[in-house]
Amino acid sequence: LLQSTLERGGSTEGSTSTHSATMMVLDETESKFVVPHDEIRDGRTVNISTVPFALGGLRTVFNMQMVGSSKNLVAKESRHILAYSDRLRFHLGTYKCHLRAMKASKNFNKKLKKYYKQQKKKNCPKTKFLKPAVLRLKDTNCAGGKQSQLV
């Protein structure tokens with residue numbers, strides 16, 4: 001969204017935008033994101049800030065909320081202006097990295113729990129890495145009319 005806002009020469013100060021959205025899933029056999037059979041295309045609505053709350057070396061991150069939910073989400077996109085197909089490749093790599101981090105977090109928790117048990121310590125802390133999702137947002141200001149966000 002930042003890309004499309006900046007490409008139009010628009011202001012990003014204090015604004016949000018509303019988009020129809022479709023939840024995507026990873027088809028591991030094809031190594032690409034697809035719409036699941038039970039998902040209604042553009043059947044979700046999201047509000048997303050056009051002002052990023054953080055900029056990293058690779059990503060720009062925004063506050064996002066699914067309409068009808070009180071859960072606050074974080075939307076990530078490439079910090080660099082990319083063609084739509086390159087954005088999808090960016091999300092694919094980031095998504096797979098998140099899945100590896102989830103697995104590493106679970107293994108870490110198991111080993112830490114074992115260590116605490118051996119040391120007869122109580123209140124073992126845990127790490128939790130949230131499962132990522134990819135939403136395809138309908139955005140007429142972007143090339144192809146779509147924008148993808150890693151959530």
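**Loops, strands, cores and pockets**

Modeller: Let us start with Ser31, which counts as partly exposed because its relative accessibility is 30%. Please bear in mind that the model is predicted.

Biologist: Where does Ser31 lie?

Modeller: Ser31 is in the loop between S1 and S2. Its phi is positive, about 55 degrees, although Ser31 is not a glycine.

Biologist: Which other residue has a positive phi near 55 degrees?

Modeller: Asp42, also a residue other than glycine, has a positive phi near 55 degrees. Asp42 belongs to the loop between S2 and S3.

Biologist: And how accessible is Asp42?

Modeller: Asp42 has a relative accessible area of 32%, so it is partly exposed.

Biologist: What about Arg41, buried or exposed?

Modeller: Arg41 counts as exposed, because its relative accessibility is 55% and the cut-off for exposed is over 50%. Arg41 sits in the loop between strand S2 (32-34) and strand S3 (44-49).

Biologist: Which residues does Arg41 contact, leaving aside its neighbours within four places in sequence?

Modeller: With those neighbours set aside, Arg41 is in contact with Thr22, Val35 and Arg136. Thr22 is 19 residues from Arg41 in sequence, and their C-alpha atoms are 5.3 Å apart.

Biologist: Turning to the strands, how does S3 pair with S1?

Modeller: S3 and strand S1 (residues 16-27) run antiparallel and are joined by six bridges. Within this pairing, Ile48 in S3 stands opposite Ser17.

Biologist: How many bridges link S3 to S5?

Modeller: Three bridges link S3 to strand S5 (residues 59-66), again in the antiparallel sense. Here Ile48 has Met64 in S5 as its bridge partner.

Biologist: Which residues make up the largest nonpolar core?

Modeller: That core has twelve residues, and both Ile48 and Met64 are among them, as are Ala21, Val46, Phe62 and Leu135. Two or more residues come from each of S1, S3, S5, strand S6 (72-78) and strand S7 (134-138). S5 gives the most, with three residues.

Biologist: What does the second core include?

Modeller: The second core is separate and has eight residues, including Met24, Phe33, Val35 and Tyr95. In soluble globular proteins, nonpolar side chains tend to be buried together.

Biologist: On to pockets: what is the volume of the largest one?

Modeller: The largest pocket has a volume of about 370 Å³. Its lining comprises 17 residues, and those nearest its centre are Leu73, Val74, Leu130, Lys131 and Val151. S6 supplies the largest share of that lining, four residues.

Biologist: How does the lining of the largest pocket divide by class?

Modeller: The lining of the largest pocket has eleven nonpolar, three polar and three charged residues.

Biologist: And which residues line the second largest pocket?

Modeller: Ser31 is one of them, and others include Met24, Phe33, Tyr84, Arg89 and Arg136. The elements giving two or more residues to this lining are S2, helix H2 (84-118) and S7, and H2 gives the most, with four residues.

Biologist: How much space lies in the second largest pocket, and which classes are found in its lining?

Modeller: The second largest pocket holds about 180 Å³ of space. Its lining divides into six nonpolar, two polar and three charged residues.

How values were computed
Residues numbered from 1 in each chain as written. Predicted model: local features only at pLDDT ≥ 70, side-chain atom pairs only at ≥ 80, totals over all residues. Heavy atoms only, no water. Buried < 20%, exposed > 50% of the residue type's maximum accessible area, 1.4 Å probe, protein only. Contact = heavy atoms within 4.5 Å. Pairing = 2+ DSSP bridges. Core = buried A, V, L, I, M, F, W, Y, C linked by side-chain atoms within 4.5 Å. 1 Å grid on protein atoms, 1.4 Å probe; cavity = no way out; pocket = protein on both sides within 12 Å on 5 of 7 lines; lining within 4 Å. Points joined across faces, edges and corners; volume = space filled by probe spheres on them. Nonpolar A, V, L, I, M, F, W, Y, C, P; charged D, E, K, R; others polar.
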